[in-house]
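Here is a short report on one structure. Look it over first, then read on.

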Amino acid sequence: MPPVSYAAAAASGLFLALSFPRYGHPIIAFIALAPLLVALSGWTGRPGEVRGVTTWTGFKLGLTAGFIHYAGTVYWTGMTVQAFGGLSWPVAVLVAGLLVIYMASYLAVACAVTAVFARRYGLAGLVLAPAAWVSMEYLRGNYLMGGFPWIPLGNTMVTLLPIAQLASVFGVYGLSLFVGLVNVGFASAAISAGRTRVAAGASTLAMVTVVSLWGGQRIAANDFVTSGTPIKVGLIQGNIAQVDKWNPARAGMIVDRYLALTQQAVDGGAEFIIWPESSTPFNFDDDPGANAIRGLVNRIGKPLLLGSDETEREGAETRFYNSAFMLDSGGATAAVYRKIHLVPFGEFVPYQRALFFVAPLVEAVSSFSPGMFVAMLPVNGHMVSTAICYEVTFPGLMRDAVQQGSELLTTITNDAWYGESSAAYQHFEMASMRAIEEGRYLVRAANTGVTGIVDPYGRVLVRTALFETAAVVGEARFVQQKTLYARIGDWAAFASLALTGAALLAARFVRGQT
């Protein structure tokens with residue numbers, strides 16, 4: 001394979017990285033895959049003539065693009081495990097590298113499959129590439145280690161609001177499919193000539209235009225906003241340094257800061273208060289320090305959702321949970337949600353025997369147990385749900401909550417782990433996608449940025465900066481109307497899996513084109 005093909009794959013990896021925050025722009029996603037697709041097509045240099053590449057070559061091209069893509073977007077994992085996991089820099093880089101290779105391997109498989117399609121179906125085979133991509137995105141997001149659905153391709157569109165509205169019908173995987181098809185159109189135009197080039201370019205631009213017009217009309221209709229019951233939400237960003245969170249000498253300062261910020265939010269008109277993940281410097285369920293918090297809630301008469309660790313003892317067995325406690329206006333516990341999707345290498349360490357070299361990380365990471373179900377949290381006669389930290393990146397979890405009656409999505413997190421890297425911005429944008437998918441307001445309280453409120457169309461109404469101590473008050477609404485995606489789920493992903501499987505099966509009986 002000529003070096004130019006690997007250069008094209010590397011260019012796609014760079015463009016993909018620059019499609020996500022905080023260093024790039026989402027519009028780059030529309031051309032990010034095009035160089036890689038041209039390389040996978042085995043274009044001979046003659047207009048429209050493609051021969052495909054071998055499956056192994058396709059895998060290597062995908063691995064090249066994927067490694068650069070994910071090295072440029074999840075680089076912060078090395079910094080995190082080094083700073084808070086007790087690992088040396090070389091080992092931290094190795095851990096981050098293993099994650100990058102793991103994520104890149106899914107892209108590599110998608111490219112290997114695309115190579116089969118190009119070899120068997122010619123130029124038309126490229127049209128199947130987005131289905132292969134989405135299939136692997138879905139598998140990565142839902143299997144092995146509980147799934148790792150970080151930065152799917154479709155999430156690049158979340159700030160391009162007219163196009164992002166597609167998520168209300170197809171979900172983020174449907175958006176990935178759309179972005180992939182746009183790239184196929186541009187790649188096909190690049191390697192074709194004459195009428196084929198014009199048709200490919202024109203149809204691609206028409207597709208983007210139609211979706212943008214439809215999305216703009218959906219936003220203008222504003223149905224999911226006007227139908228909701230308003231509530232003023234107070235979001236508390238405590239901005240507690242990670243090194244202070246579990247320091248006994250700083251416990252009093254932490255509680256006092258949250259109590260003062262809560263009073264500030266109530267004075268600003270807040271009717272419902274939300275503290276971030278692990279906001280208390282003690283286990284809320286069994287520490288006397290909780291009395292001061294319950295007392296404040298009773299005095300202000302406003303419900304409070306807060307994140308804290310929880311301990312459960314059954315005989316000789318003790319379990320630990322990353323939990324969210326819903327306190328009613330009298331300060332009593334009305335409901336508790338236990339985090340279902342735990343963070344690999346953050347809340348548990350998978351494959352400890354194989355990863356023996358991360359022994360310091362094993363000692364530093366708390367061993368949490370996963371929760372078993374989505375809990376509904378009562379607020380002023382309405383039902384609310386929450387997601388803790390990175391589990392907001394799981395579309396299915398939020399859809400389950402809406403199916404069970406959630407009228408307002410909340411998420412609590414502690415992004416102090418990420419420092420000033422891209423991670424906090426990526427995390428906020430993935431949370432914003434859930435609002436569009438479900439047709440719900442999403443309110444987010446972070447220990448440090450980004451705290452904010454997102455409406456059902458993805459419009460960010462309020463947001464804070466990183467490392468800002470703040471009590472933010474803004475209006476959200478309880479919404480009962482459901483989007484099509486909330487009703488039918490990830491059928492775009494399932495259709496992609498079925499189409500990819502069927503096309504691979506058919507490829508065994510279709511003579512390769514040259």
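## A buried asparagine

The side chains of Asn322 and Glu277 are joined by a polar contact of 2.8 Å. A polar contact is a pair of N or O atoms within 3.5 Å; within protein, one must be able to donate a hydrogen and the other to accept it, and residues adjacent in sequence count only if both atoms are side-chain atoms. This is a predicted model: local features need pLDDT of at least 70, side-chain atom pairs count only at pLDDT 80 or more, and totals for chains, interfaces and linings use all residues. Residues are numbered from 1 along each chain as its sequence is written, and side-chain values use heavy atoms, leaving out hydrogens and water.

Asn322 lies in strand E4 (residues 317-327). Strands (E, at least two residues) and helices (H or I, at least four) are DSSP runs, numbered from the N terminus. Asn322 has 2% relative accessibility, so Asn322 counts as buried. Buried means under 20% relative accessible area, exposed over 50%, partly exposed in between (1.4 Å probe, protein chains only).

## A partly exposed glycine

Gly295 sits in helix H13 (residues 290-300). Its relative accessible area is 37%, so Gly295 is partly exposed. Gly295 and Leu63 are 56 Å apart in space, C-alpha to C-alpha, and 232 residues apart in sequence.

## Two helices in contact

Residues of H6 meet residues of H7, among them Tyr106 and Phe117 in H6, and Trp133 and Arg140 in H7. Contact means heavy atoms within 4.5 Å. The residues of this contact divide into 12 nonpolar, one polar and one charged. Ala, Val, Leu, Ile, Met, Phe, Trp, Tyr, Cys and Pro count as nonpolar, Asp, Glu, Lys and Arg as charged, and the others, Gly among them, as polar.
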